[in-house]
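Please keep the sequence and the model in view while reading.

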Amino acid sequence: STRTLFLLPGDGIGPEAMAEVVKIIDHMNTDAGAGFVTDTGLVGGSAYDAHGAAISDADMAKAMAADAVLFGAVGGPKWDDVPYEARPEAGLLRLRKDMQLFANLRPAICYPALSAASSLKPELVEGLDILIVRELTGGVYFGEPKEIIDLGNGQKRGIDTQVYDTYEIERIAGVAFELARTRSNRVCSMEKRNVMKSGVLWNQVVTASHKEKYSDVQLDHMLADAGGMQLVRQPKQFDVIVTDNLFGDMLSDVASMLTGSLGMLPSASLGAPDETTGKRKAMYEPVHGSAPDIAGRGIANPIAMIASFAMCLRYSFNMIAEADRLEKAIANVLDQGIRTGDIMAPGARQVGTNEMGDAILAE
Ligand code: NAI
Ligand code: MG
């Protein structure tokens, strides 16, 4: 069968990291008949240079049609002064919006070999494996009214509005429960029902869909501020955390620091299942940006990009064994003491992007 992947390497270290994923794709095709068909487009500053837009309509159409999109990173000082609507991030935002990627999955996995690099005590994070499911297309970042009004007395008022409808909460909860079933079968929902009406509704809808469809999964509720505290105090108590756009933004950034380095963190963004095929639109990308400070030197850590591809295998293609094998290969290479500069440790062997990719491929 054919599996279509649309690659958007982007700017800075994006293309350097993507090249290491392409090696793995080629290997899976030639050695295991995986049947991946890839096409490559431009996004971010490189798209602006070519088309005057952060992503062209033609590339946008290819992203919409592909089984999955792999995204590198965008941005850099070269494009700091381009018009606002053509800024590199606009490409990313258009992809998320047009593909309606409402579920953002951010795993926080602490590889045993890196537990010493965490901001926490090694024993608190060793073996950590949590998944934060953040609602990405609703809530206070998008709700109306959203404005600054002049009150006329020398005062202004800034307004953002938190809005969540039942269907938005139901679909993100559904993603969290379904993912929990493939993991340790536990979901913790976080909101602020003590002070927010949208939090009351969030809690009610998650509770109702749990009762109706997912009662085999263990469900807990936590106030989001207490959840932030527990993430730092005892992170291994969590399996899947589901939360809204704003809390998810903050909690996933907190969780990322449990794991060591920005160069290690993958993410996935999923849309609703297609009505006829049942397939979800999906985009996979590292959490890090284009790292202009190290771009072009062949020293970037490709692991976040490679781990994003592992998520793609798992969630878009149901290639669970292959995803497990790729993640195990990353862990093995780290165990062998092979490191890029950003995760370098005493006694380890420092390698560049290319060698790190080769070492993972060999494993
Ligand atoms: P950044 O993530 O690009 O870099 C932050 C620091 O981490 C830098 O010192 C960088 O060298 C290091 N780093 C990041 N990824 C690494 C990797 N794979 N291997 C080794 N070291 C790595 O964030 P920064 O510096 O705030 O932004 C740089 C540019 O990237 C900006 O133009 C920003 O707008 C853009 N950006 C793009 C994102 C995206 O495409 N999704 C996300 C975040 C920032
Ligand atoms: Mg953030």
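Domain bounds are taken from an automatic or database domain assignment. On that basis the chain is divided into domain 1, residues 1-104 + 268-363, and domain 2, residues 129-257. The model is predicted: local features need pLDDT of at least 70, side-chain atom pairs count only at pLDDT 80 or more, and totals for chains, interfaces and linings use all residues. Residues are numbered from 1 along each chain as its sequence is written, while chains are lettered from A and ligands numbered from 1 in the order in which they are written.

The C-alpha centres of the two domains are 26 Å apart. Domain 1 and domain 2 each give ten residues to their contact, where two residues are in contact if their C-beta atoms, placed from the backbone, lie within 7 Å. Helices (H or I, at least four residues) and strands (E, at least two) are DSSP runs numbered from the N terminus. On the side of domain 1 that touches domain 2, strand 4 (103-109) and strand 11 (266-273) each supply at least two residues. Strand 11 provides the largest share of that side, three residues. By class, this side of domain 1 has six nonpolar, three polar and one charged residues; Ala, Val, Leu, Ile, Met, Phe, Trp, Tyr, Cys and Pro count as nonpolar, Asp, Glu, Lys and Arg as charged, and the others, Gly among them, as polar.

Helix packing comes next. Helix 1 (residues 14-32) and helix 10 (residues 303-315) pack at about 45°, and their axes are 8 Å apart. Axes are lines fitted to C-alpha atoms, for helices over the stretch in contact, and angles run from 0 to 180 degrees between N-to-C directions. Helix 1 and helix 10 are therefore oblique to each other; angles under 35 degrees count as roughly parallel, over 145 as roughly antiparallel, 65 to 115 as roughly perpendicular and the rest as oblique. Their contact is made by Ala17, Met18, Glu20, Val21 and Ile24 of helix 1 with Met305, Ile306 and Phe309 of helix 10. By class, that contact has seven nonpolar, no polar and one charged residues.

Helix 6 (residues 166-181) and helix 7 (residues 197-213) pack at about 50°, with axes 9 Å apart. Helix 6 is thus oblique to helix 7.
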